[in-house]
Amino acid sequence: MQTPSTPLIAWLAILAGPLMAEAQETPPPPLDPRIFEIVEASSAERVQRDIETLVGFGTRNTNSDTLSNSRGIGAACRWIKAEFDRISAVCGGCLEVFYQRSLVDSPSGSGRCSWART
């Protein structure tokens, strides 16, 4: 027995068939050799050093100190930005580094790296 939606489903299958076949035939994008360079350049020592630096800020709680240069979320945000600025300088400005000022809105106005000193 044919229901009212059966012809619609049949037409959709007929129309979508070539699109699905084309999607299945599309080869994956080529591997970007830069990915391998990035992986090779990483080191356990660097990761450990970065973790220890972040731990050294005491807390990265969004309600923590935003003005100190040595403790809290503000100091951590500024250190992270400085690290990416340094990385970008090494690669000839390959990164656009900036503070995301409206990433998180909270009732108290905290919760984002908007207190950054320049």
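**Before starting**

The model is predicted: local features require pLDDT of at least 70 and side-chain atom pairs count only at pLDDT 80 or more, whereas totals for chains, interfaces and linings use all residues. Residues are numbered from 1 along each chain as its sequence is written, and side-chain values use heavy atoms, with hydrogens and water left out.

**Stop 1: the whole chain**

Display the chain as a cartoon. The chain has 4 helices and 0 strands, where helices (H or I, at least four residues) and strands (E, at least two) are DSSP runs numbered from the N terminus. Read from the N terminus, the order of elements is α-α-α-α.

Of the 118 residues, 17% count as buried. Here buried means under 20% relative accessible area, exposed means over 50%, and partly exposed lies in between (1.4 Å probe, protein chains only). Among the contacts in the chain with a separation of 6 or more, 25% are made by residues 24 or more positions apart, a contact being heavy atoms within 4.5 Å.

**Stop 2**

Select Leu31, Ile35, Phe36 and Val39. These residues form a nonpolar patch on the surface, with about 440 Å² of accessible area together. Patches are made of residues with over 30% relative accessible area and no salt bridge; like charges are joined within 9 Å and nonpolar side chains (Val, Leu, Ile, Met, Phe, Trp, Tyr) within 5 Å. Ile35 lies in helix α2 (residues 33-41).

Arg34 is exposed at 56% relative accessible area, whereas Asp32 is partly exposed at 25%. By the rule above, the count comes to 5 salt bridges.

**Stop 3: helix α3**

Select residues 44-56, which make up α3. This helix has 13 residues and spans 18 Å from its first C-alpha to its last, close to the 18 Å expected at 1.5 Å a residue; the expected span is 1.5 Å times one less than the number of residues.

Within α3, show the side chains of Arg46 and Asp50. They form a salt bridge whose closest N and O atoms are 2.9 Å apart. Because the two residues are 4 apart in helix α3, about one helical turn separates them. Arg46 is partly exposed, with a relative accessibility of 23%. After α3 comes Gly58, with a positive phi near 85 degrees.

**Stop 4: Thr66 and Arg78**

Move to Thr66, in the loop between α3 and α4. Thr66 is buried, at 16% relative accessible area. Now pick Arg78, in helix α4, which is also buried, at 11% relative accessibility. The pair is 12 residues apart in sequence and 9.8 Å apart in space, C-alpha to C-alpha.

**Stop 5: helix α4**

Select residues 72-90. Helix α4 has 19 residues and reaches 28 Å from first to last C-alpha, close to the 27 Å expected at 1.5 Å a residue. Its buried residues include Gly72, Ile73, Ala76, Cys77, Lys81 and Glu83, and α3 is among the elements that cover the buried residues of α4.

Show Lys81 and Asp85, whose side chains meet in a salt bridge (2.9 Å, N to O). Asp85 and Lys81 are 4 residues apart in helix α4 and so are separated by about one helical turn. Asp85 is partly exposed, at 31% relative accessible area. Then select Arg46, Asp50, Glu83 and Arg86 together: they are linked in a network of salt bridges.

**Stop 6**

Finally, select Cys91 and Cys94. A disulfide joins them, with an S to S distance of 1.7 Å; the criterion is a pair of cysteine sulfur atoms within 2.5 Å, and the count by this rule is 1 disulfide. The torsion about the S-S bond is about -80 degrees, so the disulfide is left-handed. Cys91 is partly exposed, at 35% relative accessible area.

Key:
Accessible areas come from the Shrake-Rupley method with a 1.4 Å probe; for residues, only the protein chains shown count as cover. A salt bridge is a side-chain nitrogen of Lys or Arg within 4 Å of a carboxyl oxygen of Asp or Glu.
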